[in-house]
Amino acid sequence: MAEPIRALCDELIKAVNVMMEAESSQTYRLEALKFIEEFKEKSPFCVECGLQLAEKSQTAVVRHFGLQILEHVVKFKWNDMAPQEKLQLKNCTMDLLSNGTHPILLEECHVKDALSRIVVEMIKREWPQHWPDMLKEMEALTAIGDAQTELVMLVLLRLAEDVITFQTLPTQRRRDIQHTLTQNMDSIFNFLLGILQLHVNEYKKLIKLPFSLQAKAHWRVGVATLNTLAGYIDWVALVHITNDNCHLLEIFCLLLSEPELQLEAAECLLIAISRKGKLEERKPFTVLFDEVAMNYILSAAQSSGGIVERRYTFLKRLCQVLCALGFQICSLLGSDIEVQVPVNLDKYMEALFAFTSHPSQFLKSSTQITWGNLFRHEILSKNPVVGQMAIKYLRAARINLLKTGFPSKNDCPGCEFSRVDFDSDEDFNCSFNSFRAQQGEAVRLACKIVPFEAFQIAREWVQYQIFFDLSLLLSVETKTEKGLCSALSLSAVQWDAMTFFTESVFGQLFKILEKEKIPIDEGIELLQMVVNYETRDPLILSCVLTIISTLFPFVTHQPHFLPQVLFKIFPSITFELVEECKGPRTRAVKNVRRHACSSILRICRDYSDFMLPCFDMMYEHAKGLFSNELLLTQMEKCALMEALILVSNQFKDYNKQKAFLKELIAPVTAQWLSEEMRRLSDVISDLDTEDQMGINRSQISFCVNTILGVVKRARWPANPEEAKAGSFVVSTTSDGAPIYRNPCAEPLQALLPNLFALIRTQNSLFLPENINRLSKTFSRVYDIMDVEKNFALGIPQPVLDAYDSSAYRNIVERMQGFFSSLYDNCYQVLGNAGPCMQQDFYATEDLAEQIVGSAFIHLDSVPDHRLRPLQLVMSCPYDYHDSLLCPLLGPLFAHLLTQEEDEAYEENHVTQEVVEEQLLRLVTREVMDLLSKFPLLDSSQGIQMNTPSDELSELGKCLLQSEDIYMTLLAICFNSLSWEDTINCQRSASVLCWTLLKQVLGCNLLPEAVTWLYTSVLKGLQMHGQHEGCNAALTQLALLIYESLRPRYAELRFIMNQIPDIHVEALEQFDQKTIQSTVSKAGEKKKKEQFKRLIAGTVGKPLGQQFKKEVHIRNLPSLFKKPKPTKDMLENTDTACLITLFSSDCDSC
């Protein structure tokens, strides 16, 4: 027997070497793999060969393969082995643990891991029932030597991971092992702690000796023990961690000073401090604020260290420890648990601040949420220590807000750390933007604690930037060819950071300080400095405009300063660089002009009543700008118009405001109603490479944008009395609510026909015959823009220092932008017209026909990314539901259902590109958003057994009257259950499907319809059942349908019979109870569990698990005593119940 095994082993060794050698051809490698797999599956000598290959005399690769064979035997053949064979394999494995490995420092890590896996697989199958002394045997192994101790640690760690973390066992076996581990946890922790202390102490003694290999051996065991503790600390009862006044945590703190063990100790500490649970159980964690522990933490946090990977990783863990500790103290302070403010709070905050001021962007970012929690806390925020630290934090923010440290640069210490944490500048930029938002929130919270100090810090920074000589800085930094700042120039970065800081501080001060406490004089003085500051650099000028907008509330206290502020902003609307007169404007210049327009808009929106005295001055200035076609772009004209409309809302006189709006949009009205504008199709038919229709496109965009600005901005007074006095109220509803009229309604109604014509034309552009008319140059003008595509895929925009480049690089991109924005704006007008014009819009003659004939025409040809939800549905009055919404929603729902079926067919039969799949997913999500936002339901209560019958809103009841619309809506919702989108599935299953289906349960549904509905739910389970949230919602939905319809439809039983692996007898019992409705309320939970087990065969597996070989672990005799069967006395109405209560079976009660 030995000779054939030896020969077989030689063949296996050759096969392994062929697979592992880089020079082997693919053919030989595949043949070797096939031979090995056939051997593992069919050979009766797996154990013998595996043991021989695992001997120490073999190479590490061969030994690892031999151990893999033994693991394969245990995982897949254990159930077929005789007890004696199992015992023999177990003994051989224990021998390998005892003396089958090289010394701890020489043995390969993957060999140790493979050996530990074999032991764990046997434990999972035999412990504790058939292997009660396993823990004692493991403990005995540690007495042999360091190598065996490390292996025992690996076994215990792997066992915890498989049983608790990954849960790779059947439920009963997992419960058996977890219960036994819990029962023995005291002894396990004592054992682990003893091993840790023994080897750490030995390590400390021997590390002082030069070249001590034994010290390294003790270090290796210490690391393994800490890793094992980390695997248990995450889930054991907190009492095991906090025993003996948190002695375990103190040991971890002491180890923070050991360079070779501090990382693992910090990870253990982090897991422990991050534990959730009852507050009284977490109270002992405050021991870490004691003098000794906090000194160790503070010393470790403040110690210097270069960019050594292990040291840097330790700093990350320690930073997370401090953040978790902050969460614990914030939770405990102010609760019912008696906890005082820690005496060493100052040292804790110093340690946290050490990471906030660290060069690493990752470390700085990690602390921001904790600072926010500390500054927000009701008790801590009033502590003087926190107040002093808030000032320190605000001063540090002046440095942290600077966008420096890009991995591609070397201009600051943070760059070196960024190269470790980020793959590219784009990744860094995304992270920094998130960090800046978090820091802005923390700055605002700090302002609440120290408002006047924050004011002074912000004021000092603004003054420094204003008086700093920019020329000195430009002489030593990167600048553009024109001598201006680039986006990443240090001066621009400083102005940008200062602007953000100033916005955060002053925006908060005006909210929290009483009027008399606001330092108005100092604020006006600061605003005067900013207004007087002159610069021709567009990037810095943009920051100046932001600061003016931020400080504008000071002007409301001294109105005489308003004209000076406006005269500072208005020139920026027409800002130009001298050299640009002959060429297109750069991005930076366009940004300044847009920023100035936005500033005017923001001021007029937020302070429209304050701006009213300056209205005539603004109007005259705007008309002067409008008269010169070269001064403003069409977008800038629209922005100024919107600002004027916002101020005109304060006229509070219907006729005056109406006259103004007519005068303002008169040029647009004339152009929009001209004969040239009626021939919209000419804009497309004459496209050529010379871009001759640019002026036409500009005029169309200007008209549409102006109309959009009017419907978004023109409003009646918010005060009902003022509205009534200004003649804005035309009548009242039946319940007495006023019905308003908008002064823009009459001028806009004349513009709607051409708007519908434009929308109809745009939809017609996507017809195949019109697509074919496009030249090769313009073949992609209707495609989704790259910016939108990247946004859909979650790809960050590149960090480009391109502020001196033009906005669009070529004509195709300009055309794409034109069509995309025009399409969006037309639907924005249509959506806002309802809330703006109200009954004047909804009462338009043949409105439904006009919308269907424009927005809904040729939808089959319109790409999915062009579809837009109709906002007018949300504000439509009840009186127009029948005449408007039903004619609109019918075709819309029918199209969505058709598109859904077509897309599903394509997805199943055609290989889709990643982009198309993601866009499809987003479109379907928007469909469900549309349905969810429709006022169909009074409240989204989810699935409930006893929901009220009037759950539908008036619109829902209206749609219910139309069978075609309602059934189409029902089909969309149930179809969405099997879309490849868990968000859609969960939303439909938990909110929409049952609510809609419940309304028609009393009707005579066709058996085919019932079959389709129930099958759709089961298809959803097959697609999404592996996700816990979807599984729960779909299972509940399936149960509700089965309970409600099974008594009338036997087809549901036929469907259940086809579920794979269904238990026929259990199904029969459940079916009878469902038909007879004999289940009590007390048995609802049990009924749900029974039903979940019945339909378990429909739940699909994740793709990664579909082709994985099944591992079968048999249950052992239960460790738990089976309870006596209880009798539900309340389910029987027989008089024998009273007799049963006093029978001998109940004597023990």
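What follows is a quick tour, from the whole chain down to single residues.

This is a predicted model, with a mean pLDDT of 86 for the chain. The chain has 56 helices and 2 strands, and buried residues make up 50% of its 1149 residues.

- Where pLDDT is low, the predicted coordinates should not be read in detail.

**The chain as a whole**

- Take the contacts between residues at least 6 apart in sequence: 75% of them join residues that are at least 24 apart.
- The chain exposes about 55100 Å², and carbon and sulfur atoms supply 53% of that area.

**The nonpolar core**

- The largest nonpolar core has 350 residues.
- Which helix gives the most to this core? That would be helix H43 (residues 811-837), with 14 residues.
- Among the residues with the most contacts inside the core are Leu249, Trp371, Phe501 and Met1056.
- If you zoom in on Trp371, you'll find it touching Met349, Leu352, Phe353, Thr356, Met389, Tyr393 and Ala442, leaving out residues up to four places away in sequence.

- Helix H54 covers residues 1064-1076, and at 1.5 Å a residue its 13 residues should span 18 Å. Its end C-alpha atoms are 18 Å apart, which agrees.
- Which residues of H54 are buried? They are Leu1067, Phe1070, Asp1071 and Thr1074.
- Seen down the axis of H54, the buried residues fall within an arc of 105°, so they line one face of the helix.
- Here's the background: an α-helix has 3.6 residues a turn, so residues three or four places apart point the same way.

- Gln762 sits in helix H40 (residues 752-764). Its relative accessible area is 5%, under the 20% cut-off, so Gln762 counts as buried.
- Leaving aside neighbours within four places in sequence, Gln762 is in contact with Phe819, Leu822, Tyr823 and Cys826.
- Ser988 belongs to helix H50 (residues 982-998) and is buried, with a relative accessible area of 0%.
- Apart from neighbours within four places in sequence, Ser988 is in contact with Met928, Cys973, Ser976, Leu977 and Cys993.
- Ser988 and Asn975 are 13 residues apart along the chain, and their C-alpha atoms are separated by 9.4 Å.
- Asn1031 lies in helix H52 and is buried, with a relative accessible area of 12%.
- Again leaving aside neighbours within four places in sequence, Asn1031 is in contact with Leu1021, His1024, Gly1025, Lys1092 and Val1099.

- Pro128 lies in the loop between helix H6 (109-126) and helix H7 (134-141).
- Gln167 has a phi near 50°, a positive value in a residue other than glycine. You'll find Gln167 in the loop between helix H8 (146-165) and helix H9 (171-183).
- At 44% relative accessibility, Gln167 counts as partly exposed.
- Asp244 isn't a glycine, yet its phi is positive, at about 55°. Look for Asp244 in helix H12 (residues 238-255).
- Is Asp244 buried or exposed? With a relative accessible area of 63%, over the 50% cut-off, Asp244 is exposed.

Note on methods:
Residues are numbered from 1 along each chain as its sequence is written. This is a predicted model: local features need pLDDT of at least 70, side-chain atom pairs count only at pLDDT 80 or more; totals for chains, interfaces and linings use all residues. Side-chain values use heavy atoms; hydrogens and water are left out. pLDDT is the predictor's confidence in each residue, from 0 to 100. A nonpolar core is a set of buried Ala, Val, Leu, Ile, Met, Phe, Trp, Tyr and Cys residues joined through side-chain atoms within 4.5 Å. Buried means under 20% relative accessible area, exposed over 50%, partly exposed in between (1.4 Å probe, protein chains only). Helices (H or I, at least four residues) and strands (E, at least two) are DSSP runs, numbered from the N terminus. Contact means heavy atoms within 4.5 Å. The expected span of a helix is 1.5 Å times one less than its number of residues. The arc is that of the directions from the helix axis to the C-beta atoms. Accessible areas come from the Shrake-Rupley method with a 1.4 Å probe; for residues, only the protein chains shown count as cover.
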